[in-house]
Amino acid sequence: WVLLRLLTLCVCSLSLSGSPLWAQQWSSWHVIGPFEHLLGHVSLDEAHQPERQLSEMRPGRQGLDLTRSYRGEGFLQTRWTEVADGSTAFDVGQINFGEVLAPVPDDQSWVDYSAAYLHRSVELGTARDVKVHMGSDDAMKVWLNGALIFERTGGRGVDLYDEAIVLPMREGANHLFVKVVNGEGSWGFRMGPWRNLNQRGINEAIVRGVDHFLESQLIDGSWGHYGHLEPGPTAFTLYTLLKCGVRMSHPVVQRARAYILS
């Protein structure tokens with residue numbers, strides 16, 4: 001746990017890289033939903049009406065007709081809505097669907113087991129790979145120019161750095177289309193610029209973390225007593241040391257192993 005916190009602190013020193021943002025002319029995000037999604041974040045296979053327009057999002061074309069409406073959850077008509085006051089910033093911050101979508105009347109849990117779609121376009125002067133980070137709550141599916149490039153099921157909170165995705169952009173107009181499916185509770189999405197890891201800083205943080213564990217082991221072979229969690233913390237610490245390259249024959253490893261077995 002201490003080592004993971006050290007790595008988290010190290011990530012704060014990341015540096016921005018990738019294609020310069022001034023060379024990319026992004027449109028604002030538009031969102032539509034909610035659509036009832038019976039399996040929630042367990043499956044992304046259930047396709048809703050907006051996915052029928054994927055063929056409109058070919059590179060160089062005008063793209064999706066944002067004036068079109070669909071029948072959504074509760075049999076209500078739903079329309080595309082601009083997000084973040086129409087901001088064209090690359091990173092507009094976290095998009096919370098419970099706030100930007102119109103709620104379903106008389107349904108307090110309308111965000112549960114629901115799907116929403118996001119769309120934005122970008123103009124590029126030359127073809128290039130654009131690197132981005134994305135995070136979603138919960139499951140997410142991403143298309144670029146009508147072609148599926150990424151999907152992940154399962155429940156989680158929004159963490160911008162959960163996914164590192166390369167978008168192979170064409171010269172001219174490109175179209176990004178995202179589906180986010182919620183299980184229960186909070187529901188959101190965020191996209192931001194790629195950040196390269198400072199590998200030297202990470203390596204130094206790992207060395208400091210390993211040294212901390214080697215120096216702070218107690219005489220009984222553990223790293224402290226945590227009641228009902230034993231021997232979990234010691235086992236996790238031992239696993240961390242082994243993954244960081246500490247040899248099996250090291251006295252700290254042997255004492256920790258004896259403690260766990262006892």
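This report describes the fold, sheets, cores and selected residues of a predicted model.

## Basis

The model is predicted, so local features need pLDDT of at least 70 and side-chain atom pairs count only at pLDDT 80 or more, while totals for chains, interfaces and linings use all residues. Residues are numbered from 1 along each chain as its sequence is written, and side-chain values use heavy atoms, with hydrogens and water left out.

## Overall form

The chain holds 5 helices and 15 strands. Both are DSSP runs numbered from the N terminus: helices are H or I with at least four residues, strands are E with at least two. The radius of gyration is 23 Å, well over the 18 Å that the globule rule gives for 262 residues, so the chain is more spread out than a compact globule. That radius is taken over C-alpha atoms, and the rule is 2.2 Å times the number of residues to the power 0.38. Along the principal axes, the C-alpha atoms fill a box of roughly 70 × 50 × 30 Å.

Of the 262 residues, 44% count as buried. Buried means under 20% relative accessible area, exposed means over 50%, and partly exposed lies in between (1.4 Å probe, protein chains only). The chain exposes about 13,800 Å², with carbon and sulfur atoms supplying 52% of it. Areas come from the Shrake-Rupley method with a 1.4 Å probe; for residues, only the protein chains shown count as cover. Among contacts with a separation of 6 or more, residues 24 or more positions apart account for 78%. Contact means heavy atoms within 4.5 Å.

## Strand pairing

Strands of a sheet pair through backbone hydrogen bonds, either parallel or antiparallel. Here two strands pair if DSSP finds at least two bridges between them. Strand S3 (residues 30-36) is mostly covered, with 6 of its 7 residues buried. S3 runs antiparallel to strand S6 (residues 81-82), joined by 2 bridges. Histidine 30 has glutamate 82 as its bridge partner in S6. S3 also pairs with strand S8 (residues 114-124), in the antiparallel sense over 5 bridges. There, valine 31 stands opposite leucine 118.

Strand S9 (residues 128-137) meets S12 over 7 antiparallel bridges. One of the paired positions is valine 132, whose partner in S12 is isoleucine 165.

Strand S10 and strand S11 (residues 147-152) run antiparallel, joined by 5 bridges. Methionine 140 has arginine 152 as its bridge partner in S11. The hairpin of S10 and S11 has 2 residues between the strands, and asparagine 145 takes a positive phi near 55 degrees.

## Nonpolar cores

A nonpolar core is a set of buried Ala, Val, Leu, Ile, Met, Phe, Trp, Tyr and Cys residues joined through side-chain atoms within 4.5 Å. The largest has 31 residues; Trp29, Phe97, Met134, Leu176, Val178, Phe189 and Met191 touch the most other members. Elements giving two or more residues are S8, S9, S10 (139-144), S12, S13 (172-182) and S14 (188-193). S8 gives the most, with 4 residues. A second, separate core of 14 residues includes Phe35, Leu44, Leu64 and Trp80.

Leaving aside neighbours within four places in sequence, methionine 134 has contacts that include Met140, Leu176, Phe189 and Met191.

## Helix H5

Helix H5 (residues 251-261) has Val252, Val253, Ala256 and Tyr259 as its buried residues. Seen down the axis, they fall within an arc of 125 degrees, so they line one face of the helix. The arc is that of the directions from the helix axis to the C-beta atoms. Their cover includes helix H3 (199-216) and helix H4 (232-243).

## Two buried residues

Glycine 188 sits in strand S14. It counts as buried at 0% relative accessibility. Beyond four places in sequence, glycine 188 touches Ile95, Asn96, Phe97, Gly135, Ser136, Asp137, Val158 and Val180. Its C-alpha atom lies 44 Å from that of methionine 248, 60 residues away along the chain.

Phenylalanine 90 lies in the loop between S6 and S7. Its relative accessible area is 8%, so it is buried. Phenylalanine 90 and valine 207 are 117 residues apart in sequence and 35 Å apart in space, C-alpha to C-alpha.
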